[in-house]
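Subject: Structure for your review

Dear colleague,

Please find the structure below. My notes on it follow.

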Amino acid sequence: MGVLKGSVTYSKLYVRGALPADVHARFLERIRARGFKPLVPEDEDDAAVGWVPIERPYDDPQEGLGLGREGESAGSARLGFDASGVFFGSYLNLGMRLDRWKFPAALIKARMAAAERELKLKTGKERISKLEKAELKEMVLKKLRRDGVPVSSFADFSWSLETGELRFFSKSKAHLEYFYELFEKTFQLRLLPSGCYVGAVAVGALPSQLEAATPTPFALRPPPSASEVSS
Amino acid sequence: MIVGMEGVLNKLDPKPESEEGREAGAEGEGEGRVSLAEAIETRKFLGREFLVWFWFLTEIYEQKLQIPGLGEGRRAEGEGGDCDAWLEKSIVFESLTESGKEKASLSGVAPSGGPESREALRQGKTPVKAKIAIRLPEGGRREAEGERAGCAGGDFSFVFDADHYSISNAKIPALLKGQGDDPFQERMTLIEQLEGIVDLFYQQFLAIRVSSDWNRVVGPAIRSWMSDDGSPYELLRAKLGTIR
């Protein structure tokens, strides 16, 4: 929730590539195409990821009242992807929602044990084959999914279309992995993470000078060797 | 000068559209250049050295620093904006030894001022994370409003991750009052301002780091400060002269 409020913790990235001429229309179309669609228990996927408006990340399409504008697809209309909710001056602001089915391993284990007992009773078998175990696991997970709700998380970003700088308000590795993929597929542009080297070039340092630099030995005495540490 | 995005990409990858260029990362300025991925991975030490240098400056200048370039055009050439800057609350050191990675975390009101911190440096550990506070005078807001690095006065604090040159848990001043009715724009201005200040210090550090002054003057001054050899800060400041 960093774009509008909350903790200012972000990963800085640079967007590489040229923007299309009709940037607002083209990007809105692409954002709508990859808008968030909630997980359903019958899906094979363990995770669902997609774009959501930064101000209403948890407005699921099926929870809406169907008041979207005429001509828009139901889901995207309810998710509110209009230009004023995405473009803030020269910035593009958007949220990424990631829903995943996640159940404690102990719960799955307990449910599996119960299901195996039930199957043994029903079939009179002493042992259960690997295939039967796999089928049972699938049934157990489906039941858990029907009875539960996915674990939902959200991270937003602000992208300056003028400078190409993008701040993704999360440092979670999982968020970043999903974000890179979703962003690059949606906008057909590439992302470059900032860091000591890229940040140095961004403030005017020459790559050749940076590459020639070697670490400064600040230590006034060498670090203890392994044998010294153990003795 | 902070170079524009186009400039950054041109330097890193002169042919971003070519498949070859993409595969190789960066070609840059000729033969023998390392790939972009390798450069990113192997130049992380610059972030740690930047943090040591910044910490050193805050101590020997007793928290009174000049932000290079802040208020440029409104102040005399060569003079930057003033600020108070210090390290506070937590600092984390790391070193690589034969037995693996060693980590030391110190926390308190100002752990960087304690003897343990400089002892960690003396043992070859370098800071990987530290909480930094920067206080800008109120006047700065009027002087440089709208500029990337200059504008609102107030207190900023953040955790600086040296290996990734990144900011987290930043506290920015309360949103500007009476400067418009767009909280997003104001928030982003403050975030960019903070980032701009860090970038200006990094830029200053790098200019010295790649020059002969680093090994000739700055490195020995930092070692003298680290060793607590009794050199008065005044003497260290005189040694640095105008190159800081």
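How many residues lie between strand 5 of chain B and strand 6 of chain B in the hairpin that they form? There are four residues between them, and Y165(B) in the turn has a positive phi of about 45°.

This is a predicted model, in which local features need pLDDT of at least 70 and side-chain atom pairs count only at pLDDT 80 or more, while totals for chains, interfaces and linings use all residues. Residues are numbered from 1 along each chain as its sequence is written, and chains are lettered from A and ligands numbered from 1 in the order in which they are written.

Helices (H or I, at least four residues) and strands (E, at least two) are DSSP runs, numbered from the N terminus. Two strands pair if DSSP finds at least two bridges between them.

In chain B, strand 5 (residues 154-161) pairs with strand 4 (residues 126-136) in the antiparallel sense over eight bridges. F156(B) in strand 5 stands opposite I134(B). Strand 5 of chain B also runs antiparallel to strand 6 (residues 166-171) of chain B, and four bridges join them. There, D161(B) has S166(B) in strand 6 as its bridge partner.

In chain A, helix 4 (residues 105-123) packs with helix 5 (residues 130-147) at an angle of about 125°, their axes being 10 Å apart (axes are lines fitted to C-alpha atoms, for helices over the stretch in contact, and angles run from 0 to 180 degrees between N-to-C directions).

Kind regards
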